[in-house]
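Subject: A structure to look through

Hello, I am passing on a structure for you to read alongside this message. Please have it open while you go through the notes that follow.

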Amino acid sequence: MNPYDEFDLEAGLDAAIAAAAEPDVPAPPPWRETRVVGKPLPRIDAYERVSGTAVYASDVILAGMLHAAVLRCPHAHARVTRVDATRARRMPGVRAVLTPDSPGADIPWYGGQKGPLSRLLDRHCRFQGEEVAAVAADTPYQAHDALAAITVEYEVLPFAVSIDAALDKNATPVLDGPGNRAGDPRVVERGDIASGFAAADVVVEETYSTATEIHVPIELHGCVAKWDGPSLTVWDSLQGVFPAQATLARALGLPIARVRVIGPYMGGGFGAKLDTGKYAVIAALLARETGRPVRLFMTREDTITSIGNRPGVKSTVKIGATRDGTLTAIEFRCIGSGGAYSAGGTGGVDWQPLDLYRCPNVRTVSENVFMNAGPERPFRAPGHPQGAWALEQALDTLASRLNMDPVALRLQNFTEVSQARPGQPRYSTTGLRECLTEGARTFGWDDARKAGQRGALTASARGAERGGAVRGGAERHAAERRGVGMAAGMWRGGAGGPPSTIIVRLLADGSANLNMGASDLGTGTKTVMAMVVAEELGVPLERISVEHADTGTTQYTGPSGGSKTVPTEAPAVRAAALAVKRELLALAGAQLQVDPATLSIEQGAIVGAGEGGPRLKVTEVQALRRRGVLVGVGIREPDTHGLAVNPFGAHFAEVSVNTRTGEVRVLRYVAAQESGRVMNLLTYRNQVVGAVTQGAGLALTEERVLDEVHRGRVLTRNLYEYKVPTALDVPPAPECVAIDPHDEVCNTAGAKGLGEPALIPSAAAIANAVADAIGVHIVDSPITPARVLEALARRS
Amino acid sequence: MASSHDSDHKCACAGGLSRRGFLTSVGTGAIGAVATAHMASAATADAPVETIDAGAHVTVALLVNGTTHRLAVEPRWSLLFVLRERLGLTGAKAGCERGECGACTVLVDGETRYACMTLAVEAEGHEITTIEGLMHGEELGPVQRAFVEHDAMQCGYCTPGQVMAVEGLLRTTPSPTLDQIREGVSGNLCRCGTYAHIFQAAERAAELKRG
């Protein structure tokens with residue numbers, strides 16, 4: 001199951017087309033001036049996060065709790081012929097064992113068009129790491145001992161762990177077949193590329209590839225499951241508690257109302273935690289069998305094989321342009337594999353070529369292949385960085401062929417229209433032009449690009465070197481080549497939209513409580529939403545509490561993902577706060593015997609118009625004191641503007657490349673982003689910094705490696721082999737330029753999503769800087785020292 | 001995290017520590033590996049070896065955040081497991097259980113150490129400090145305050161480990177350069193990617209600690 005399937009990135013736009021019913025209360029006008037929103041405020045839960053008091057799912061310890069562990073298939077493709085757990089069941093501390101013969105093992109899993117593709121514990125294992133058996137024991141050590149005592153016999157089957165192998169005519173089908181193509185290619189076409197290329201003065205064509213990436217949230221995937229008779233409570237590390245509630249209810253045949261999922265703190269997701277996984281169903285089955293709470297957290301190795309990934313994609317880009325840089329045609333073909341059960345190998349890859357630049361003639365073909373590897377899961381801007389990696393490098397080559405500045409080439413093809421959408425609506429706003437120009441200005445792009453400086457380090461980069469973790473003297477410098485590069489990008493989502501229901505409560509002492517279903521992935525959602533309440537009700541942040549991400553106490557919303565959380569939740573929070581405000585002012589007006597329309601809230605008091613007007617402290621409103629609470633409910637209404645809502649960005653990087661060792665270091669970085677209103681400048685910058693780090697990982701270090709020759713296994717099953725960027729691998733002080741175009745129509749908060757768009761151009765910007773440094777593009781990610789040296793050898 | 005900058009230091013742990021303990025307590029990555037080789041060769045020379053039956057429980061006295069806890073442990077239990085599951089100190093996090101991510105970083109005799117790669121029995125006789133031990137009652141310590149100020153976190157899961165890495169760094173290097181800060185936290189992965197903010201927080205924490 002791909003959680004993105006059930007989750008609409010463009011809810012706002014679609015809802016607009018559906019012409020939603022007019023809400024009872026008209027939408028509030030956008031904020032003109034703000035008192036709280038936009039400020040760089042520390043997050044409201046920072047104390048919990050730095051003190052160690054935040055309780056993550058993995059920190060939940062219940063009386064009598066057992067610890068579970070899962071036995072997984074070690075083969076890329078195999079059939080389980082025998083499972084013998086006799087010895088394991090007799091081991092000290094072991095309380096329950098699940099095998100493919102146990103009740104519940106046949107729960108359907110991995111949905112396909114014609115029904116489930118597999119089962120919870122399926123004898124047919126189509127990738128290394130599929131679940132075969134599970135144990136619950138008194139300690140995790142005993143659980144792992146017991147796993148080792150389970151005898152499993154496998155019939156090892158032929159496997160395919162590369163696209164080429166999967167498409168070989170003799171390949172064994174991963175699913176039912178025939179062959180391993182996951183449906184027909186997705187073809188999108190506008191205009192006529194043949195005439196477009198005929199009109200071009202220059203045509204470039206190149207093939208690029210990105211490696212498969214693993215999400216690697218630092219909190220592992222897992223949960224604690226506890227039954228109270230017919231009711232199940234699960235503490236899970238998730239981006240959304242409501243999808244998990246539905247998944248568990250469906251899997252276990254329970255009413256949704258009997259499943260409670262709790263997850264207020266979660267240790268990173270990046271798409272991998274949009275929904276729960278098999279682990280939670282297994283934990284629930286073990287808990288039911290033993291009558292005790294069960295904790296099941298996956299091992300790091302198992303998350304790498306089994307939870308999900310960003311599929312590696314191979315893309316061929318052909319672009320034509322006239323001499324002034326006007327694009328005449330783009331042809332884009334890509335192929336990727338979503339692994340064993342997902343047809344989503346190239347989902348989202350075609351969006352950059354289809355929508356980012358003005359071009360009348362575009363054709364994209366996206367192909368998907370099944371293979372015997374872990375299924376993909378959405379990973380921060382699914383498909384988009386892969387597409388940008390190819391398109392933005394090709395544009396760089398085009399700029400060079402046209403003898404044109406790369407920024408100028410992109411400005412030449414700027415558009416205010418979403419060409420990929422039906423009817424080609426305008427964007428509500430696009431800050432791409434400002435991202436390009438302001439980003440370039442902040443970076444000092446023109447100076448950095450000046451001929452004669454290339455190959456040497458710029459003054460600012462030398463400064464960064466001195467401050468950075470760089471060693472080596474003149475000898476090293478002699479081998480260093482410096483380069484600058486840039487890239488742009490946009491995110492297909494970022495509009496937000498229904499559903500979300502929010503409750504804001506004003507309490508008798510004038511403090512407030514925000515009740516929100518959404519998870520805070522660390523993006524600062526809680527803080528930003530509390531700021532919206534503070535803005536509308538004049539309650540200081542320190543007098544606002546937030547409860548969230550608990551299906552038992554908060555209201556339905558989608559998972560936090562797709563960079564839709566702020567544009568989804570903020571309008572609903574604002575509506576809830578305004579509902580409270582309306583009631584408060586009505587009650588105050590009755591008490592003061594004035595028209596509520598003349599009243600406003602200022603610093604904890606309700607004040608009338610004009611000097612000497614009535615003034616009443618919020619705590620003096622008699623009805624509030626009597627009732628103890630005023631409750632406001634806010635619903636995320638559909639947007640009705642009919643426009644496309646998208647965030648944009650342009651990134652600039654300076655790198656040094658050691659031509660002897662092939663080592664690449666990112667010295668300087670400027671990321672200009674336009675995501676509508678900046679809700680909190682501090683957490684905004686942090687999102688961008690984090691995206692740049694992940695982009696550096698895509699560009700330079702991250703690659704899941706499969707043994708294509710011998711056994712089909714994952715060769716990068718730990719964090720030594722699978723290299724997530726460390727503090728030594730990132731630019732020391734990336735700068736964030738926040739472009740705010742004052743979007744007054746996208747939604748009632750004026751904000752679009754940020755987390756994903758900030759990642760999209762980053763790897764390509766680094767790749768272009770490397771090409772600038774060494775004079776040749778490295779077309780395959782990651783840009784390892786070996787690839788740099790090979791490229792240099794080829795060039796000379 | 002322990003890496004090249006403290007390779008010149010003697011390990012603060014007394015005899016009885018296995019070679020494995022040394023190998024696994026040192027930081028991650030290539031830089032850590034250099035230090036590892038150096039320290040391991042020094043460690044094996046005169047370390048007495050004590051063998052404990054794997055199935056048996058042994059009693060240890062662990063000095064954690066100034067309080068001595070006497071408890072029965074299996075010899076194979078990690079310090080991280082005992083801190084979290086037996087003492088309820090869940091500030092140190094599990095992220096890999098094999099010394100790769102740094103989420104479990106604690107101080108042992110003032111030096112950063114991966115609790116997941118330290119056996120509880122090894123930790124006896126040493127002063128263990130966890131994130132909870134940096135608090136003064138409900139008050140945050142200076143490193144924690146600096147992390148709040150500079151928003152040096154996102155999801156927060158690696159944060160206790162990052163705080164301990166900075167704390168350990170500042171105890172040996174009160175005025176670190178950016179270079180030293182980057183190396184000091186290079187054994188602590190932050191997948192949200194907030195390193196640049198962590199560097200700022202570390203600089204600010206050094207100021208706060210200097211007063």
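How many residues of chain B are in contact with chain A? There are 48 residues of chain B in contact with 51 residues of chain A, where contact means that the C-beta atoms of two residues, placed from the backbone, lie within 7 Å.

This is a predicted model, in which local features need pLDDT of at least 70 and side-chain atom pairs count only at pLDDT 80 or more, while totals for chains, interfaces and linings use all residues. Residues are numbered from 1 along each chain as its sequence is written, and chains are lettered from A and ligands numbered from 1 in the order in which they are written.

On the side of chain B that touches chain A, the residues divide into 22 nonpolar, 13 polar and 13 charged (Ala, Val, Leu, Ile, Met, Phe, Trp, Tyr, Cys and Pro count as nonpolar, Asp, Glu, Lys and Arg as charged, and the others, Gly among them, as polar).

Turning to the nonpolar cores (sets of buried Ala, Val, Leu, Ile, Met, Phe, Trp, Tyr and Cys residues joined through C-beta atoms within 7 Å, a residue being buried if 20 or more other C-beta atoms lie within 10 Å of its own), the largest has 294 residues, and A:Val135 is one of those that touch the most other members. Helix H18 (residues 565-592) of chain A gives the largest share of this core, 13 residues, helices being DSSP runs of H or I with at least four residues, numbered from the N terminus.

Leaving aside neighbours within four places in sequence, A:Val135 is in contact with residues including A:Ala68, A:Val94 and A:Leu147. A second, separate core of six residues includes A:Tyr427 and A:Cys746.

Definitions and conventions
Buried ≥ 20, exposed ≤ 12 C-beta atoms within 10 Å, placed from the backbone. Helix = DSSP H or I, 4+ residues; strand = E, 2+ residues; numbered from the N terminus.
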